[in-house]
Amino acid sequence: MSARERVAGGTANFLDERTGAAKWMKKTLTKVFPDHWSFMLGEIVMYSFVILLLSGTFLTFWFDPSMREVEYEGSYEPLNGVKMSAAYASALHISFDVRGGLLMRQIHHWAALIFMAAMVVHMMRVFFTGAFRKPRELNWIIGVALLTLGIVEGFLGYSLPDDLLSGTGIRIAEAIIQAIPVVGSYLSYFIFGGAFPGELFIQRIYAVHILLIPGIMLALITAHLMLVWYQKHTQYPGPGRTEKNVVGYPLMPVYMAKAGGFFFIVFGVTAFLGAVAQINPIWIFGPYNPGQIGAGSQPDWYMGWLDGLVRAAPPIETHAFGITISWNILIPGLIIPGIIFTLMAFYPFIEQWMTGDKREHHLLDRPRNNPNRTAIGAMSLTFALVALINGGNDLLATHFDLSINQIMWFSRIGLIVLPPIAFVITKRICLSLQRADREKVLHGRETGRLVMLPHGEFIEVHEPLSPEKAYLLSSHEQLPALEIGEADENGVANPQGIKGKVRARMSRASQEQISKPTSQDMLELEDGHH
Amino acid sequence: MSEMKNELEPLSDPGLPEHVHRKSDVDPLAAKKAERQVSILFLFSAIGTVLFIYSYIWIPREQLIFLPIFGTTNAHQLFLGLGLAMALFFIGMGAVHWAKTLMPDHEVVDIRKEQRSKDEDRAAFVATVKDGAAQAALGRRPLIKRTLGLALGLVGLSPILFLRDLGPLPGNDLNETNWKAGTRLVTDPGDRPIRPSDLEVGGVAQVQPEFPIGKVRHLDDIAQDSVLLIRIRPEEFNLDAERLSWTYEGIIAFSKICSHMGCAVALYEQTTKHLLCPCHQSTFDVTRAAKVIFGPSARPLPQLAITVDAEGYLVAKAPFNEAVGPSFWGRDS
């Protein structure tokens, strides 16, 4: 036995005799993970979270979360002698007087943007492929919670430096809190320790930003990964892949090397962005003062759609009996986001209710094979995109020489009209793709080769698909719509009433499909040949 | 016509495709080459760290450098970052290349089992829970059940009570500013009282209420008191008699805190006499007492009545007659 084997064996023995881990580790190290590029999206989320923890810890070594007024003395000449909060002064100190401090601040901010973007794209993957279906509904809900927390965490993060832009964001958040019926102004006074801005909010959001929310997120991410581990990963359909198996590579060594390597790649790319691409140059904005503002104030992108909704809101307030209800803030700032996130969290159960399908699913859907779900996704994204566009209406107006009035009306109408249009178009595209798949399985692939037959007719040569490809295009399951008639055969009205009618409608819509080729079709086709 | 093979059954699973060997699996030379490539990638990483160390120690912190597209930037931070990026990125590339070319690429099949426990396990679980509950005998001892409920309910109150000192109650705070009848308007910044002649037609000035000597102006004060003075030609006003009497020789004063969400309404367009809030583009018409003409704000900016005192300085005629800033539940107007 070599010396190295002796040390390894000794360590393993020490640990196993104290934890009994060998059996578990043996299973773990050979655990199988399916391979697909889209499965890396969730990895990007996790790795950027780790980068955020590392770079954030670095920043805490110098950041002073205090609103005590100080006079700036540091390397950034234009602000020398200016009165500002200790928080802003320390953020300037990190940017100009700590070696690598600006780099680390920029890495932290870029990692936050990547974290949110990767989370959104990962959720899109999960949604469009139906990976959220039973038994993974809980993990979907954890994901929605993480997305919500991520938005809040990011907002608090860029509010910490206490520059003019971040203070403006906090001011808007305060106005939303203040608009909450009955308790709004009380909540605001509790959160800010008195009148806005007060002298406490930086140290309070600091505690929430570096401890409370990251702690909750870490716990949720752990639970998320444990469930992925325990339930085994989903896989795309294809030859040899079934609901009963999982096909892929073992954790050791292939996945360890690939996933571990990928962490370094994500970190490297983030560091590159932090090095070359300036982000949030706080020294340009100056310290926060509620009587001042910069033109073109913009939140980070994941808040942009919310701001866009607020900007699109019609100016409606209700005054009666000595109270005020600000619909122009409540509806876009709290009610619509509340509805969106609730529907999102419950979507797996809504779909189960529509389809009546309560079975486990481990094979992913190709998005075209579930046209209704894909269309719902496209509809939701369209809504968010129009809102995001309106969030940048001032920049669009100045950069493209448009009138802000036009952009606002485009957005107001677009928010209502475009999502349904996106729904219909997406659904039609999916059904067309299904039709194309069916054609391909039955008649083969078009080769583009034209041949003239002896009697002068031109035909295009079709090449048969490989059995693997044909299987992929025809192996998906097509469920019939639920049989809830509006009245049964005896003319007795559906006992479930309106609810039953709605469910029957939705079920029919969600099961609208181009029927895939059956073995019967294939037999008939062959009969036609002979 | 298509030439579909007879054997093809669209619904039968042809099974996993046959494994295709990579070049490096069968050709030792290719494997050697892959090994070299992986090592070179790791070497790049090492060079990146050397660049990082060099930049940390030897590039001066104030050194600027011009980068195409990105503009002038700090060379110290730039090369630190590039070194770090290189060091990390190439470790990752090396590891992935290693996994792809040299580690086994045989797909493995594992079997799934249903998440649901076996029926006997579920039954045993239910039995255990029932048995445990029976042993605790909570159902047979209602006194314990009720008092425990009371205790747990009450103990839940204490965390809420603990939070009471987070802040004072708003009281009438949101309805009040530091503007009183006779308060002088002073420049911000500068704290100098101003006369009407200091502001030319077309001019704008930000003012605060004058504070007695010794009183410090906090951000909370600025968040409520900030006022914008605008001077136009008096005949351009389109105001009722009362509002017109709140102006002085063409000078009109509005709260600078947006009536929508409290941003500073800072953009004044001289030609149209519009005030614009850069946060959500609420636009107010100065000539018509800051009537909202665009955007999400539902109320005009509050107008401050002004006049001049005996020494000819601008003063407030009266406090604001409504709350400034964003709306809140108890706002009564």
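**Reading chains A and B through their definitions**

Guide: Over five bridges, strand β7 (residues 251-255) of chain B and β6(B) pair in the antiparallel sense. This is a predicted model, in which local features need pLDDT of at least 70 and side-chain atom pairs count only at pLDDT 80 or more, while totals for chains, interfaces and linings use all residues. Residues are numbered from 1 along each chain as its sequence is written, and chains are lettered from A and ligands numbered from 1 in the order in which they are written.

Visitor: What makes β6(B) and β7 of chain B a pair?

Guide: Two strands pair if DSSP finds at least two bridges between them. With five bridges, β6(B) and β7 therefore meet the definition. Within β7(B), Ile251(B) is the bridge partner of Arg231(B). Strand β5 (residues 204-209) of chain B is also joined to β6(B), by four bridges, and these two run antiparallel. There the bridge partner of Gln206(B) is Leu228(B) in β6(B).

Visitor: Why is strand β6 of chain B called mostly covered?

Guide: A residue is buried if 20 or more other C-beta atoms, placed from the backbone, lie within 10 Å of its own, exposed if 12 or fewer do, and partly exposed in between. In strand β6 (residues 227-231) of chain B, five of its five residues are buried. Val227(B), Leu229(B) and Arg231(B) point one way, whereas Leu228(B) and Ile230(B) point the other way. In a regular strand the side chains alternate between the two faces of the sheet.

Visitor: How do you know what counts as a helix or a strand?

Guide: Both are DSSP runs, numbered from the N terminus: helices are H or I with at least four residues, and strands are E with at least two. On that basis chain A has 19 helices and eight strands.

Visitor: How do you know that the span of helix α2 of chain B agrees with its 31 residues?

Guide: The expected span of a helix is 1.5 Å times one less than its number of residues. For helix α2 (residues 28-58) of chain B this gives 45 Å, and its end C-alpha atoms are 45 Å apart, so the two values agree. The buried residues of α2(B) are Val38(B), Leu41(B), Ser45(B), Gly48(B), Phe52(B) and Ser55(B). They pack against α3 (75-101) of chain B. An α-helix has 3.6 residues a turn, so residues three or four places apart point the same way.

Visitor: What makes β8 and β11 of chain B edge strands?

Guide: An open sheet of four strands in chain B has the order β8-β9-β10-β11, with antiparallel pairing. Strands β8 (267-269) and β11 (291-294) each pair on one side only, and they are the edges. Strand β10 (residues 283-285) of chain B is joined to β11(B) by three antiparallel bridges, and Thr283(B) stands opposite Phe294(B) in β11(B).

Visitor: Which residues count as in contact where chain A touches chain B?

Guide: Two residues are in contact if their C-beta atoms, placed from the backbone, lie within 7 Å. The contact takes 100 residues from chain A and 87 residues from chain B. On the chain A side, helix α10 (residues 251-276) supplies the largest share, 18 residues. Strand β4 (residues 245-250) of chain A and strand β3 (residues 108-111) of chain B pair antiparallel over four bridges, with Val109(B) as the bridge partner of Val247(A).

Visitor: Why is Asp191(B) called exposed?

Guide: Asp191(B) has 12 other C-beta atoms within 10 Å, so it falls in the exposed class. Its phi is positive, about 55 degrees, although it is not a glycine. Gln281(B) has a positive phi too, of about 65 degrees, but it has 21 other C-beta atoms within 10 Å and is therefore buried. Gln281(B) lies in the loop between β9 (274-276) and β10 of chain B.

Visitor: What sets the peptide bond from Lys134(A) to Pro135(A) apart?

Guide: Most residues other than glycine have a negative phi, and most peptide bonds are trans. The bond from Lys134(A) to Pro135(A) is cis, with omega near 10 degrees. Pro135(A) lies in the loop between α5 (101-128) and α6 (137-159) of chain A. The bond from Phe196(A) to Pro197(A) is cis as well, with omega near -5 degrees.
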